[in-house]
There are 2 protein chains.
Amino acid sequence: MTRTGRPRKANPGEQLAKAMNLFWRKGYFDTSIDDVVAETGANRFGLYARYGGKRGLFDKALQLYRVEVMGRFLAPLAGTDPSLPELQSFFAQFADFIDDPRGHLGCLMCTTASEVSAHDPLIAGRIRAHLADMRRLLRDAAARAMAKGEIAADVDSDETADYLVGAVLGLMSYARSPVPRDQVQGYLRGVLRTLDRLAGRSDR
Amino acid sequence: MTRTGRPRKANPGEQLAKAMNLFWRKGYFDTSIDDVVAETGANRFGLYARYGGKRGLFDKALQLYRVEVMGRFLAPLAGTDPSLPELQSFFAQFADFIDDPRGHLGCLMCTTASEVSAHDPLIAGRIRAHLADMRRLLRDAAARAMAKGEIAADVDSDETADYLVGAVLGLMSYARSPVPRDQVQGYLRGVLRTLDRLAGRSDR
């Protein structure tokens, strides 16, 4: 509230963050511009003027999600010289996320990959670029782990990268599905155990 | 075509199968009753009379998918005495699916889990029941594989079941995403390799 008693008007950055959270919760097709107006307090015509409509707004929200949310999750893999410990920290951090209320939302990128890609080449391109970036980070860490002798050198780093990207999609898809959280945690433990097996730390 | 030259009218069963394929392709929220009418040739009022509207039709389409599509995929696990070989056949069969045009659609149940569950308790209940059935089949096969000595007995069969359900969701989510097919095949090979590792057949 300002000193005059009127609610403070959210600035465009705050409005975009609210729109991002709304799309994350409801998905693209079930969210209308009216929903965005109700959620953000933004002016309907202002939204059209700034973003050209729902699709333009969604595209900007997706880019914000990629930087703000996925950027934070991917940070362990984006540092200096990441290898097996960073692959493990990357996955291990999702244990808290799964039990967080936001964990039920899964991942906006993963949901969008399923919901929107087939309908819209622009959005499909964004998803493809995001998955390619994530795959590159996972692949580089796997290749470095081999070079350091942390995982067996006869494991193919491309196949490992494909496996780990699919594991992220599986985790996020499972997290968004209506199942008990301990099942999602069980899946995550299985993925971490697979990393242990790559490292020869478990015979299971 | 009938002998009179008019297109044969699809019966309700055929119309439901067409509606199922439409929902599978486009998802729930982006499919309108008008789309269903255009796709199936059904009478709009007939659809309302029979199903009560889009949600009732979708619910029936989901049940058809569960029996016809998932039922066929799950068949290896639903036979007599399934254990490790059946777990392997269950996953191995998706190699063909991934390269099939339908492979790009992923799984209607998995897409619906992400898209609709949070909005609709009835649909969430259907998804929960389907995932619980699939988990039970996977868990029973894993427990039997342990009893037969095919996989190490110190692996927890519940955690293995959680892992394998998540692996199916990951596979289907990856298959529906706009990435090259060889990456999805790489993920599938990684899952099959994890089963090999459980069986002690690989040190990787």
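What is the mean pLDDT of chain A, and how many of its residues, in percent, reach 70 or more? I looked that up before anything else. The mean for chain A is 91, and 93% of its residues reach 70 or more; pLDDT is the predictor's confidence in each residue, from 0 to 100.

**Ground rules.** I'm working with a predicted model, where local features need pLDDT of at least 70, side-chain atom pairs count only at pLDDT 80 or more, and totals for chains, interfaces and linings use all residues. Residues are numbered from 1 along each chain as its sequence is written, while chains are lettered from A and ligands numbered from 1 in the order in which they are written.

**Confidence.** Helices here are DSSP runs (H or I, at least four residues), numbered from the N terminus. For the complex, I noted an ipTM of 0.91 and a pTM of 0.92 from the predictor.

**Where the chains touch.** I found 44 residues from chain A and 44 residues from chain B in the contact (C-beta atoms, placed from the backbone, within 7 Å). On the chain A side, helix 7 (108-115), helix 8 (121-147), helix 9 (157-176) and helix 10 (181-198) each supply at least two residues. Helix 9 of chain A gives the largest share, 13 residues. By class, that side of chain A has 18 nonpolar, 15 polar and eleven charged residues. I used these classes: Ala, Val, Leu, Ile, Met, Phe, Trp, Tyr, Cys and Pro are nonpolar, Asp, Glu, Lys and Arg charged, and the others, Gly among them, polar.

**Symmetry.** Chain A superposes on chain B by a rotation of 180 degrees with 0.0 Å of shift along the axis, RMSD 0.0 Å (least squares on C-alpha atoms of residues with pLDDT of at least 70 in both). The two copies are thus related as by a two-fold rotation axis. In chain A, A:Gly170 has the C-alpha nearest that axis, 1.6 Å away. I also saw that 98% of the interface residues of chain A are interface residues in chain B too, so the copies meet through the same surface.

Key. Two residues are in contact if their C-beta atoms, placed from the backbone, lie within 7 Å.
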